[in-house]
Amino acid sequence: MDLIIRRPRRKDLLMLRSFLEMTMRHSFKINGIVNAETELFKAIQSKYQDLLEDVQSDGEKHFHLLAMRGDVLVGCMGYGAPNELIRKYMAISSEEHVELKSAYVHPWYKRQGICVTLLRELVKQLQGRGWGEMYLDCGYGLSQPFWEKQFGPASKTLLDHWGPGEHHMIWKVLL
Ligand SMILES: CC(C)(COP(=O)(O)OP(=O)(O)OC[C@H]1O[C@@H](n2cnc3c(N)ncnc32)[C@H](O)[C@@H]1OP(=O)(O)O)[C@@H](O)C(=O)NCCC(=O)NCCS
């Protein structure tokens, strides 16, 4: 079945909530992030809030794209104002910069080119809106090689940020 990339709609919100619960819980688990129910809940809530604001503001406040195979939501990616860690360590403001965020692919559909397809479409959207660069960060050790493959070595690595050997990486990417 073909992959369709489209904008989220109000009636997708319940499905998006379940998708975030499932993909983020799975990501925490496979990355060995344990005893972190509060952090997980906050992270899900924050990403859901971004999606809600996207739908409510028609893509003005936050902007996401969904990847669908038929009725199944298989991926999500968005952009918005940079988070606190990026602002702090890259010394940038939230108003004049943008962060690529909320990149999640359904565990059953990984390694099928869904993330790179979403990435390509999101970059087109950013370029179309006049952005010449974007930031992104990643604390999941298993996913950092994916971003390195896309964008090369991180612009900044916060060594042992999450514990011994658990680094946080930030990229500044020219579009
Ligand atoms: C990271 C993630 C978004 C990648 O999505 P995906 O749809 O599986 O990636 P793609 O299929 O588009 O992969 C594109 C390429 O990257 C490679 N790749 C994918 N995941 C990789 C990984 N974890 N490490 C190294 N390479 C990876 C693929 O093999 C593919 O290579 P190819 O072009 O040579 O064939 C997905 O694994 C995911 O949702 N992870 C959990 C959430 C997460 O970590 N999100 C990012 C938060 S910062």
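The following questions and answers examine a predicted model.

User: How many residues lie around the ligand, and which come nearest?
Analyst: The shell around the ligand holds 18 residues. Strand E4 (99–105), helix H4 (114–128) and helix H5 (144–151) each give two or more residues to this shell. Those that come nearest to the ligand are Val 105, Lys 110, Cys 115, Cys 138 and Ser 143.

User: By class, how many nonpolar, polar and charged residues has the shell around the ligand?
Analyst: The shell can be sorted by residue class. Three of its residues are charged and four are polar. The number of nonpolar residues is eleven.

User: What span should helix H2 have, and how far apart are its end C-alpha atoms?
Analyst: Helix H2 covers residues 37–57, which makes 21 residues.

User: Which residues of H2 are buried, and what arc do they cover around the axis?
Analyst: A residue counts as buried if 20 or more other C-beta atoms lie within 10 Å of its own. In H2, Lys 47, Leu 51 and Asp 54 are buried. They are on the same side of H2, because the arc they cover around the axis is only 55°.

User: Which elements cover the buried residues of H2, and which exposed residues does the face turned away carry?
Analyst: The cover over the buried residues of H2 includes helix H1 (13–30), strand E2 (63–69), strand E3 (72–80) and E4. The face of H2 turned away from the buried side carries exposed residues. These are Glu 37, Thr 38, Phe 41, Lys 42, Gln 45, Gln 49, Gln 56 and Ser 57.

User: Is Asp 58 buried or exposed?
Analyst: Asp 58 follows H2 and lies in the loop between H2 and E2. Its phi is near 55°, a positive value in a residue other than glycine. Because 9 other C-beta atoms lie within 10 Å, Asp 58 is exposed.

User: Is Arg 111 buried or exposed?
Analyst: Arg 111 lies in the loop between E4 and H4. Its phi is positive, near 60°, and the residue is other than glycine. With 8 other C-beta atoms within 10 Å, Arg 111 is therefore exposed.

User: How many residues of E3 are buried?
Analyst: E3 runs antiparallel to E2, joined by seven bridges, and antiparallel to E4, joined by five bridges. E3 is largely enclosed by the rest of the structure. This is so because the buried residues of E3 number seven of nine.

User: Which residue in the hairpin of E2 and E3 takes a positive phi?
Analyst: Arg 69 has Val 72 of E3 as its bridge partner. The hairpin has two residues between the strands. The residue with a positive phi, near 60°, is Gly 70.

User: Which residue in E7 is the bridge partner of Met 134?
Analyst: Strand E5 (residues 133–138) and strand E7 (residues 168–174) pair in the antiparallel sense over six bridges. E7 also runs antiparallel to strand E6 (residues 156–158), with three bridges; there, Leu 158 has His 168 as its partner. For Met 134, the bridge partner in E7 is Val 173.

User: How far apart in space are Gln 150 and Gly 75?
Analyst: Gln 150 is found in helix H5 and is partly exposed, with 13 other C-beta atoms within 10 Å. Gln 150 and Gly 75 are 75 residues apart in sequence. In space, C-alpha to C-alpha, the distance between them is 17 Å.

Technical notes: Residues numbered from 1 in each chain as written. Predicted model: local features only at pLDDT ≥ 70, side-chain atom pairs only at ≥ 80, totals over all residues. Near = placed C-beta within 6 Å. Helix = DSSP H or I, 4+ residues; strand = E, 2+ residues; numbered from the N terminus. Nonpolar A, V, L, I, M, F, W, Y, C, P; charged D, E, K, R; others polar. Expected span 1.5 Å × (residues − 1). Buried ≥ 20, exposed ≤ 12 C-beta atoms within 10 Å, placed from the backbone. Arc of directions from axis to C-beta. Contact = placed C-beta atoms within 7 Å. Pairing = 2+ DSSP bridges.
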